[in-house]
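Have a look at the model first, and then we can go through it together.

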Amino acid sequence: MSDRDTGVTLEVHNAPQCTAVNDILARVGDKWSVRVVMALTEESRRFNELRREIPGISQRMLTRTLRGLERDGLVSRAVTPTVPPRVDYALTALGKSLCNPVAQLGNWAIANIGKVEAARAVFDSEQD
């Protein structure tokens, strides 16, 4: 199926595939996952480096996000047996392949925030 306005071809999926796509989009569309992926774009980082680089994320949420990204094959976790142990997180090849689409979406958001805010203002004024 082709969208005339965007020129993007959309594939039609059956219900099980749509569920799988929704699961993946929920992971990569989560605000913390996006921030972690972008923080790891250039190099691996230790947990506390990530926590400092991502304002507002709690230790618990960073832990949960990293585990989810690792489970989905987007982030790898390497433990170096030192005292205390050193744990580094890095993007896998799959995770690196996500960087460009995420950056494009972020760029789209920046380019269109004014239009979105204007549409919200119109909508909100009509709701009163």
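This is a predicted model: local features need pLDDT of at least 70, side-chain atom pairs count only at pLDDT 80 or more; totals for chains, interfaces and linings use all residues.

Q: Why is T65 called buried?
A: Buried means under 20% relative accessible area. T65 has a relative accessible area of 4%, so T65 is buried.

Q: Why are α2 and α4 called roughly perpendicular?
A: Helix α2 (residues 31-39) and helix α4 (residues 59-71) pack at about 75°, and their axes are 10 Å apart. Angles of 65 to 115 degrees count as roughly perpendicular, and α2 and α4 therefore get that label.

Q: Which residues make that contact between α2 and α4?
A: On the α2 side they are W32, S33, V36 and V37, and α4 brings M61, L62, T65, L66 and L69.

Q: What kinds of residues are in the contact of α2 with α4: nonpolar, polar or charged?
A: There are 7 nonpolar and 2 polar residues, with no charged ones.

Q: Now for the strands: in what order do they form the sheet?
A: The order is β1-β3-β2, in an open sheet of 3 strands with antiparallel pairing.

Q: What makes β1 and β2 edge strands?
A: β1 (45-46) and β2 (75-80) each have a single partner strand, so one side of each is left without a neighbour in the sheet.

Q: How do you know that β2 and β3 pair?
A: Pairing takes at least two bridges. β2 and strand β3 (residues 86-91) are joined over 6 bridges, in the antiparallel sense. As for individual positions, V79 stands opposite V87 in β3.

Q: How many helices and strands does the protein have, taken as a whole?
A: It has 5 helices and 3 strands, which follow one another along the sequence as α-α-β-α-α-β-β-α.

Q: What share of the 128 residues is buried?
A: Buried residues make up 22% of them, and T65 is buried too.

Conventions. Residues are numbered from 1 along each chain as its sequence is written. Side-chain values use heavy atoms; hydrogens and water are left out. Axes are lines fitted to C-alpha atoms, for helices over the stretch in contact, and angles run from 0 to 180 degrees between N-to-C directions. Helices (H or I, at least four residues) and strands (E, at least two) are DSSP runs, numbered from the N terminus. Angles under 35 degrees count as roughly parallel, over 145 as roughly antiparallel, 65 to 115 as roughly perpendicular and the rest as oblique. Contact means heavy atoms within 4.5 Å. Ala, Val, Leu, Ile, Met, Phe, Trp, Tyr, Cys and Pro count as nonpolar, Asp, Glu, Lys and Arg as charged, and the others, Gly among them, as polar. Buried means under 20% relative accessible area, exposed over 50%, partly exposed in between (1.4 Å probe, protein chains only).
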